[in-house]
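Here is a short briefing on one protein model. Keep the sequence and the 3D view open as you read.

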Amino acid sequence: MTSLTALIDGSIYSQSVCDHAAWAAQRLSATVRLVHVIGRRDTSSDPANLSGSISLGARTALLEELAELDAQRSKLSQRRGRLILEDARERLVQAGITDPAAALRLGDVVEAVQDTEHDADLIIIGKRGEAADFAKLHLGSNLERVVRSSHRPVLVAARAFKPISRFLIAFDGGTSAMKAVDHVARSLLFAGLECHLLTAGADTPEARKRLEDAAILLRAAGYTVQTDIEAGAADAAIAKRVEADGIDLLVMGAYGHSRIRSLIIGSTTTEMIRSCMIPVLLFR
């Protein structure tokens, strides 16, 4: 049976993650597993430097007090995590999802994804987390790490869920883009939705052929496909068409270059997630 994993934290994006998970689960007849990860830094204090002139007895007493504070902090973090999961489960149930599972984990979110994705068909995560700077449009610190490490499609939820009636596949002819097209052609998630297929860049015979080959695959699956080539840099061209065509969901390949290359020349994936006010479904 199809299963979805929804990663939630204490940010305002958690509600949106739940709403996107409910939408996907209902279309796929899938189960939903909620996962909240408590970071190790949330349950322990920084190591104390007690090498100064504090006496042995004072150091011992202070260490005991720090240990007690760590224990209290850990209990509070776990209690908060359980409340976050309970609220998320209630939101899913109200949306019509039957008996969503919930898991509270300690450690790193990437490790949690790697441990659970073997039986998940889709990972859902918020665009930003609790520590993100909304004024500067910073993305969540774990988002890129999750997308780069996961072997499953990752749905990046927008700040608020909106009904989805049309989607756009950003197609560059690469492996991940073809993987996205093949997934769309096979998945019930997109059934009945309006399909747009876009290539950014120069309008050449080669680009037209790649675009038409992808469209043939989608049409064979029953889609009426609108294809086009938009001149310009990929991030600007895609963003332009998302707004002009009223696209509700962007589908694209993720992080085609190395991290070092992305730092030097930027990343279309990161820019699209940051600038588009719609959910983005990513394939690697």
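The side chains of which two residues, R89 and its partner, meet in a salt bridge at 3.3 Å, N to O? The partner of R89 is D99. Keep in mind that this is a predicted model. The points below start with charged pairs and then turn to one strand and its neighbours.

**The R89–D99 pair**
- A search of the whole structure finds 16 salt bridges, and R89 with D99 is one of the salt bridges.
- This pair links distant parts of the chain. R89 sits in helix α2, residues 56-94. D99 sits in the loop between α2 and β3 (101-106). The two residues are 10 apart.
- R89 has a relative accessible area of 27%, so it is partly exposed.
- D99 reaches 62% relative accessibility, so it counts as exposed. The cut-off for exposed is over 50%.

- K209 forms a salt bridge with D213. Their closest N and O atoms are 3.0 Å apart.
- Both K209 and D213 lie in helix α6, residues 205-220. They are four residues apart, which is about one turn of the helix.
- K209 counts as exposed because its relative accessibility is 53%.
- D213 counts as partly exposed because its value is 39% relative accessibility.
- E212 forms a salt bridge with R219. Here the closest N and O atoms are 2.8 Å apart.
- E212 has 35% relative accessibility, so it counts as partly exposed. R219 has 36%, so it counts as partly exposed.

- Is strand β6, residues 166-170, mostly covered or mostly open? It is mostly covered, with four of its five residues buried. Buried means under 20% relative accessible area.
- β6 runs parallel to strand β7, residues 194-200. Five bridges join the two strands.
- F167 stands opposite C195 in β7.
- β6 also pairs with strand β9, residues 249-253. This pairing is parallel too, over four bridges.
- In β9, M252 is the bridge partner of A170.
- β6, helix α5 (residues 175-186) and β7 together make a right-handed β-α-β unit.
- In a regular strand, side chains alternate between the two faces of the sheet.

Definitions and conventions. Residues numbered from 1 in each chain as written. Predicted model: local features only at pLDDT ≥ 70, side-chain atom pairs only at ≥ 80, totals over all residues. Heavy atoms only, no water. Buried < 20%, exposed > 50% of the residue type's maximum accessible area, 1.4 Å probe, protein only. Pairing = 2+ DSSP bridges. Right-handed = clockwise from strand over helix to strand, strands pointing away. Salt bridge = Lys/Arg side-chain N within 4 Å of Asp/Glu carboxyl O.
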